[in-house]
Amino acid sequence: MTGAAPRPLALVTGASSGIGAALALELAINGYDLALAARSAGALETVAEDCRALGAATHVFPADLCAPDGPAKLMAALSAQGLQIELLVNNAGFGDLAPFRDAPPGKLLVMVDLNIRALTALCHAALPGLIARGRGGILNVASTAGFQPGPGMAVYYASKAYVLSLSEALHHELKPHGLTVTALCPGPVQTGFQAAAGMEGAGLMKLPLVSAAEAARVGVKGFLRRKRIAVPGWPYKLLAVTRGISPRWLTFLILDRLQGGGR
Ligand SMILES: NC(=O)c1ccc[n+]([C@@H]2O[C@H](COP(=O)([O-])OP(=O)(O)OC[C@H]3O[C@@H](n4cnc5c(N)ncnc54)[C@H](OP(=O)(O)O)[C@@H]3O)[C@@H](O)[C@H]2O)c1
């Protein structure tokens, strides 16, 4: 009698809340075991229990990915436990609603550290193992913010444009190796993100909201179907199609209304 095929392992960063927690649950439903990373050990353990209840062997890795050696330490901790990932989900990230000139420079640089540097380091560190296995890949959480510049949240939008551009390039580079790289681009999702970004009253939150569970469902489905980009919700799919076509003056007019335009 042959045993059941082993479940593939997914590493999800920022899995302690919001979209990351929902991605972990969605992956458990889709047959993955999980390694969950974020700073809040207690919240990670709660999400891990929910994943285990869905049949996923789940490991918890408290980690600060903004620390210079955070990504390397996380990958070393997985290796030390003999864990080999088949899917890397780069979800940890945050934003800040403020005109560029007023934003605390330290906060902006930590944002770059998490949204860009840690994500890049984890992608690079995961690749040798993924290429050797010849299956699986990377799901990077970008945003519809990556579709255009965002006065009022300039560094956040630029960081998500980086994530989107990197993911699309890697999708093409890694296809011949049997790997998939997908960028998940949600519009506004009600999570801890708004409080962290100081944007709870912003007009952006009056747009049609997608739930974290729906964003996760669309992201995992998009990855499993080997899509380059996955966009939850039809208004945002439309935005994806028209990016690059709509004139900047119109984009900035809309963003001025929705998030103050950084003036
Ligand atoms: N919510 C939206 O409207 C929206 C829309 C589009 C894209 N996104 C993107 O979705 C992703 C998840 O955000 P969310 O909406 O789910 O917000 P969230 O609930 O605030 O989740 C952010 C996650 O990142 C983790 N994190 C923050 N700093 C970290 C650090 N230094 N090291 C490790 N983990 C860290 C947090 O955990 P700890 O605090 O425990 O470390 C948390 O698990 C982000 O990349 C965000 O840009 C969000």
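**Labels and their cut-offs**

Analyst: Start with Arg 133, whose place is in helix H4. Helices (H or I, at least four residues) and strands (E, at least two) are DSSP runs, numbered from the N terminus. This is a predicted model, where local features need pLDDT of at least 70, side-chain atom pairs count only at pLDDT 80 or more, and totals for chains, interfaces and linings use all residues. Residues are numbered from 1 along each chain as its sequence is written.

User: Why is Arg 133 called partly exposed?

Analyst: Count the other C-beta atoms within 10 Å of its own, with C-beta atoms placed from the backbone: 20 or more means buried, 12 or fewer means exposed, and in between is partly exposed. Arg 133 has 15, so it is partly exposed. Arg 133 is also 9.6 Å from Gln 84, C-alpha to C-alpha, though the two are 49 residues apart in sequence.

User: Is Ala 53 buried or exposed, and how do you know?

Analyst: Ala 53 has 11 C-beta neighbours inside 10 Å, so it counts as exposed. Ala 53 lies in helix H2 (residues 41-53). From Ala 53 to Thr 180 is 28 Å in space, C-alpha to C-alpha, and 127 residues in sequence.

User: What makes Leu 258 partly exposed?

Analyst: Leu 258 has 18 other C-beta atoms within 10 Å, so partly exposed is the label.

User: Which residues does Leu 258 contact, leaving aside its neighbours within four places in sequence?

Analyst: They are Ala 202, Gly 203 and Leu 204. Contact means that the C-beta atoms of two residues, placed from the backbone, lie within 7 Å.

User: Where is Arg 226 found, and why is it called partly exposed?

Analyst: Arg 226 is in the loop between helix H7 (212-224) and strand S7 (229-230). It has 13 C-beta neighbours inside 10 Å, so it counts as partly exposed. Arg 226 has a positive phi of about 60°, although it is not a glycine.

User: Why are H4 and H5 called roughly parallel?

Analyst: The axes of helix H4 (residues 105-133) and helix H5 (residues 154-174) cross at roughly 10° and come within 9 Å. That makes H4 roughly parallel to H5. Angles under 35 degrees count as roughly parallel, over 145 as roughly antiparallel, 65 to 115 as roughly perpendicular and the rest as oblique. Axes are lines fitted to C-alpha atoms, for helices over the stretch in contact, and angles run from 0 to 180 degrees between N-to-C directions.

User: How many residues of the contact of H4 with H5 are nonpolar?

Analyst: There are 12 nonpolar, three polar and no charged. Ala, Val, Leu, Ile, Met, Phe, Trp, Tyr, Cys and Pro count as nonpolar, Asp, Glu, Lys and Arg as charged, and the others, Gly among them, as polar.

User: Which residues are closest to the ligand?

Analyst: Gly 14, Gly 18, Arg 39, Ser 40 and Gly 93 are the closest of the 31 residues that surround the ligand. A residue is near a molecule or strand if its C-beta atom, placed from the backbone, lies within 6 Å of it. The shell around the ligand divides into 16 nonpolar, 13 polar and two charged residues. H1 gives the most, with three residues.

User: How do you know that the chain agrees with a compact globule?

Analyst: With 263 residues, a compact globule would have a radius of gyration near 18 Å, and the chain has 18 Å, so the two agree. The radius is taken over C-alpha atoms, and the globule rule is 2.2 Å times the number of residues to the power 0.38.
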